[in-house]
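Subject: Structure for you to look through

Hello,

Here is the structure I said I would pass on. Please open it beside this message and follow along; my notes come after it.

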Amino acid sequence: MNAPTTRRLTVAQALVEFLAHQYTERDGRRHRLISACWGIFGHGNVAGIGQALLESGGALPYLQGRNEQAMVHAAVGYARQCDRLSAQAVTTSIGPGATNLVTGAALATVNRLPVLLLPGDVFATRPADPVLQQLEVPSAGDVSVNDALRPVSRYFDRVTRPEALIPAALQAVRVLADPVETGAVTLALPQDVQAEAYDWPEEFFADRVWRVTRPAPDAGALAEAVHAIRGARRPLLIAGGGVHHSEAEDALRAFADATGIPVASTQAGKGSLRHDHPADVGGIGHTGTATADALAREADLVIGVGTRYTDFTTASSTLFAAPGVRFVNLNIAPFDAHKLGAASLVADARAGLEALTGALSGHRVAAAYEAGYRAAKEEWERRVDAAYGAEDDSVRPSQTQVLGALDGVVDDTDVIINAAGSLPGDLHKLWRARSRRQYHLEYGYSCMGYEIPAAIGVRLAAPDRPVWALVGDGTYLMNPTEIVTAVQEGVNITVVILQNHGYASIGGLSEATGGERFGTAYRFRAADGTYTGAPLPVDLAANAASLGMDVLRAATVGELRAALVKARGANRPTCVYVETETADTVPGAPDAQAWWDVPVAETATRPAAVAAREAYDRYSAGRRRHL
């Protein structure tokens, strides 16, 4: 009997070879599961994973980053653009390289987006103890800084022996490819084990296909959901990110066309219907439109499709206010499908919507209900026009006028990326999404510094689509270094920097909660200790230029339009820099249409905080639990 065929490789070489042969498949289309590996090398991975990537001859392409957190953001942007069917890996050294992964890992897991993390780890054999950058825990010899990744990873393993790689690697890719379980996956790799050789069975390196199925809803659950929808007078559908991940946009449009049920969207779900579809009523929740939030307050049935129901969506459990309101949740994850005491429809979003549309044949909402929300939608569009418009091209633009200028430049192919600050609220209310993946907001973790690296990841996934990273000055200062990566790798992205001299979003929140914008402005410290002096002499445009970008400065609305057109046609990474007008006299986005719970001091001496607490008590009294 012939002995099994083996191949002698190091652990790192075997892992790289294994990853190069993993695929996902959905609807008959196959995708490379791990398309590339980002990396910054140090003593924890340079002679292991680094050597293996070099020796692979490009079987697993390498991408060089500047910041470990940013590399994870780039990989997450890539995975989202690929509908979670393809992902990327990130390798780091031990110590600070590994701990820098934690924020990116949390972002990936919160947003249910796959990324494979391969941090180096301290010696498994402990020939010297401690080694450089080792965290010593007197009560636990098996703990390293990589254990900080456990709570933010969907799967975690430390590979302390070569043969342990086989089950660990298989479990890792299983989780990455599972739409219910996916998120950050961590394989901690001790630096000595990475370099250790082992005789690996050839079967480990065979092509392996992980099928992403479309489970259909249970017949009984489907019947219950159909009964609830047929009995509702004021139903509202909320589209979440699961609609995009499932490529269910056509199925959602068919459902809306057949039933006339209005469709609101979360930050992750925006663009599930085109902005000009008659049933699209825009964003919902604290950053939503007046149309969607008014419908939510009066809805007797809420149909959630692929949404996690975050507090921004539910307005901290104050939005769905109608007596007796009920919920039907279509979600591939049972955990999310059962929220808010819903009748749960556990299924793939596309399969579930198609089943609902078929079972509801002939059912449509009342004509008066449909006419009412369409009229409200038209009124909201007039408010968007007012926020976008500028009567004088020679004036400094407001933030919403920047969005209006960009709206006039893009087409269906462009991708708009944002994550934190005041821009997400304005975009959710105002942006007119033209295509399924145009609107790319990371708002599950709302992580400042996500935008630029994510734009690189999106452009790598969609090299023919113009990609825009919209950042405020606060966000830009958090993480601009991947501009160098874009320049080095020739990844043609456009970064739009909006300079408003501080944290606009948190400044507004501080003012609303009685904090009087304390610590939120980028200004010199005044004599009384407050930061109310002149703006800091910081030139972010010069900084972007110093990192290798072409920079276009725009001082007026007219100059901004011209700069955006030029940037869109550029053939290398380009920055558009604009200082925005923040005076109350210029057009801005409509105020929040729903509340968000940020607790206010119960006792205070300053009048602003006392008044804010009174308002807080009024709003919080409207909370309810849906059971």
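Two strands count as paired if DSSP finds at least two bridges between them. Please keep in mind that this is a predicted model.

Strand 2 covers residues 22-26, and its pairing with strand 11 is in the parallel sense, over 4 bridges. In general, the strands of a sheet pair through backbone hydrogen bonds, either parallel or antiparallel.

Which strands make up the open sheet, and in what order? There are 3 strands, in the order 3-2-11, and their pairing is mixed. Strand 3 (29-32) and strand 11 (208-211) are the edge strands, as each pairs on one side only. On average, neighbouring strands of this sheet are turned by 35° against each other, direction ignored.

A helix goes with this sheet. Helix 6, residues 165-177, lies across strand 2 and strand 11. Its direction is at about 35° to strand 11.

Next, the nonpolar cores. The largest has 53 residues, and Leu237, Ile284, Phe320 and Leu353 have the most contacts inside it. Helix 8 (residues 219-230) supplies the largest share of this core, 5 residues. Another core lies apart from it and has 49 residues, including Ala108, Tyr450, Val458 and Leu540.

What does phenylalanine 320 touch, leaving aside its neighbours within four places in sequence? Its contacts are Ile238, Ile284, Ala296, Val302, Thr313, Thr314, Val325, Phe327, Arg624 and His626.

Regards

Terms used
Residues are numbered from 1 along each chain as its sequence is written. This is a predicted model: local features need pLDDT of at least 70, side-chain atom pairs count only at pLDDT 80 or more; totals for chains, interfaces and linings use all residues. Side-chain values use heavy atoms; hydrogens and water are left out. Helices (H or I, at least four residues) and strands (E, at least two) are DSSP runs, numbered from the N terminus. Axes are lines fitted to C-alpha atoms, for helices over the stretch in contact, and angles run from 0 to 180 degrees between N-to-C directions. Contact means heavy atoms within 4.5 Å. A nonpolar core is a set of buried Ala, Val, Leu, Ile, Met, Phe, Trp, Tyr and Cys residues joined through side-chain atoms within 4.5 Å. Buried means under 20% relative accessible area, exposed over 50%, partly exposed in between (1.4 Å probe, protein chains only).
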